[in-house]
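User: Hi! Could you walk me through a few strands here? I'll ask as I go.

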Amino acid sequence: MVKDVPCMRLVIDENRCKGCNLCVLVCPYKIFREGKKPNRKGIVVPELDRPERCPNCRLRQLYGRTICGLCQLICPDQAIDWIGEEPYEHMKVAIEY
Amino acid sequence: MNFLEWYRVDRLPSIFCAGCGIGTVINCTLSAVTSMGWRRNDVVFLSGIGCSSRAPGYIRTDSLHTTHGRALAFATGVKLAEPRLNVILFTGDGDLAAIGGNHFIHACRRNIDLTVVCVNNYIYGMTGGQGSPTTPVGARSSTTPYGSTETPFDLSELAMAAGANYVSRWTPYHTKELTAAVKAGLETPGLSFIEVMTQCPTGYGRANRLRDVKEFMEIFRMRSMLKQKADRLLKEGKPVPPDAIVIGEFVRRSRPVMGRRG
Amino acid sequence: MTMRRFLQGNIACAEGAIAAGCRFFAGYPITPSTEVAEHMAERLPKMGGTFIQMEDEIASIAAVIGASWTGKRAMTATSGPGLSLMMENIGYAAMTETPCVIVDIQRGGPSTGQPTMASQGDMLQARFGSHGDYSIIALSPSGVQEMYEMTVHAFNMADRYRIPVFLMADEIVGHMREPMEVPDSVLIIQRRLLEEEGRKPFEPREDLVPDFPLFGHGHFVHVTGLTHDERGYPSTSNPEVHERLVKRLVQKVEGARREIAMFDVVNPDAEVVFVSYGAPSRSVQQVLHDFPGEGFGHLRLKTPWPFPEWAPGRFENAKTFIFPELNMGQMARELERHVDQPVISVPKLGGALHSPEELAKVAMEER
């Protein structure tokens, strides 16, 4: 685990996602929303809406454990993970796959 | 450790359909295994044949993908020959309750120290949506085109009656509860049976107007009734709605166990 | 050093298994094999082994295969109806290259047939019973001493080639009581374990047999009955992967026929040659004993499968082969494929052995 990075970034692995939108259904923070355009494989991958609101992005390193994590647990295709990265720029919508 | 690290990432994405609940069940199971602090060398996954039985192929431990219905018999051999190993099975309603029904009741009777995670999706998914022993009365499938007329099995009640030490039932909507249930199953000596009522949008959903996985999830959310509430209703002489999915812990007990290490 | 004991064939089989290091037995009661299970139930717990009576024969062979993946020498014993039930999982053992020993004390069939009478009616089922192409080894003992020795050998062959090995005995040999020599120790050929770093779990060596990845030792092997590649991963729609795998499963046994096959040749100059395996060999031996001047030959197959097709050629003057079997000529068909001379099948059904007189009569007519 990357210890010196204060924040994590939520990423959807576009290669694994099958577009079932279960993450959209369960996220208590409404960070996911249904996508609009099919990708190269013809799958409509969900989009991220202000993912900096995800508590796991902000607090996982601080608490040393997964906070919430509902989207990752329910994702049947193991497509959701957090990677250690620089903090999101404030209020900038990042769409990261 | 994160449960994703237990996956054979070189085999992903999995073969499961979009919206299939099996991936969620694997996530919750692996999350429970991770929280036990076990090493990969201590865990073996087994399965029979069917959609859910493909699960061990995506997990980076030793795994035995066996013949249809027989995983419990194979697991009995693995566990008795090497009690050090923690043996976990993935199975489905057709695999466990139809072709493997005999092995199921006998494994429960022996109360052998295994954890069985049953993905009950009411249907044979791998072969294209045929009726199974848990298809509800009236539900359509490719072999019950006019609606099933057979009374389905209640697998949790069956496991309990046959003698399993731990039995609980959840759905993929209840991820945290399911994870906790699998963990309780792993901790309980003897046969632990965790039934997961799972959505199958492709096989079951297509034939029963539940093609959209969100509608399926809404059913799990709305119709699920905690065991305690169902018991209370019965006690008060009130009926439990016939379409209710009774979820929760059915039993946790300490009958004599077979195959426990030491 | 050996110890002389007076044993029943089935007990000798169980004792041989224990001497060979078998520490796991799963079975289901069936006449006439039950004594093997009963003796293992008594002996194994004292040896630190495991005996379990399963709910049926399907579960028995399944448990044996499961135990084998933890490195234990494991076996089951059954008879015809049980063998029929085991067939799917025997194919699984062949496909996944799981060493295991199946003792078949044959009785009269088809179906429930004659539970207490002998037969050799499972010879083709043992070889071809499961669907798809694969190859196995079958040993055929004709006495109590061989019940012991061939059981030990069966475990060695199972581990050497990573296949199911059949001990094709019958009710006569299983229930026969004879004096035998129990050796102090037996030769044990260990399974070749996967130890080389980075080697794939189903990557074959030169002998076409892959090293065995024991469960619980960090190999993280995925074992599947689906067509799989050398990593063990399912690969079901690639024709080349399937062809390579199945050809290897057959070839690793068939290609080693000359190492595997065991047979006895008596009177190689003979013109009339008896061919036999298992219990009927005893009648043939009596014919040769009773008519020493007639110059009959005897080819006794200790390993009916893989069939040693060069063995009949050892009888250079052979004009006729006489093949007594306790079936309608199952192995005689196989012999016919390999020889130019006429093969006279002498079937015997009902449970009794051929009498030496009736075999002698057939031979005299051919002379």
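User: In β15(C), what is the bridge partner of C:P324?

Analyst: C:P324 is bridged to C:V346 in β15(C); strands here are DSSP runs of E with at least two residues, helices runs of H or I with at least four, both numbered from the N terminus. Strand β14 (residues 320-325) of chain C pairs with β15(C) in the parallel sense over five bridges, and two strands pair if DSSP finds at least two bridges between them.

User: Before I go on, what kind of model is this?

Analyst: It is a predicted model: local features need pLDDT of at least 70, side-chain atom pairs count only at pLDDT 80 or more, and totals for chains, interfaces and linings use all residues. Residues are numbered from 1 along each chain as its sequence is written, chains are lettered from A and ligands numbered from 1 in the order in which they are written, and side-chain values use heavy atoms, leaving out hydrogens and water.

User: Thanks! What is the strand order in the open sheet of five strands?

Analyst: The order is β11-β13-β12-β14-β15 (chain C), with mixed pairing. β11 (263-266) and β15 (343-347) of chain C are the edge strands, each pairing on one side only.

User: Switching to β4(C): is it mostly covered or mostly open?

Analyst: Mostly covered: six of the six residues in β4 (residues 73-78) of chain C are buried, meaning under 20% relative accessible area with a 1.4 Å probe, protein chains only. C:R73, C:M75 and C:A77 point one way, while C:A74, C:T76 and C:T78 point the other.

User: And which residue in β4(C) partners C:F25?

Analyst: That's C:M75. Three bridges join β2 (residues 22-27) of chain C to β4(C), and the two run parallel.

Conventions:
Buried < 20%, exposed > 50% of the residue type's maximum accessible area, 1.4 Å probe, protein only.
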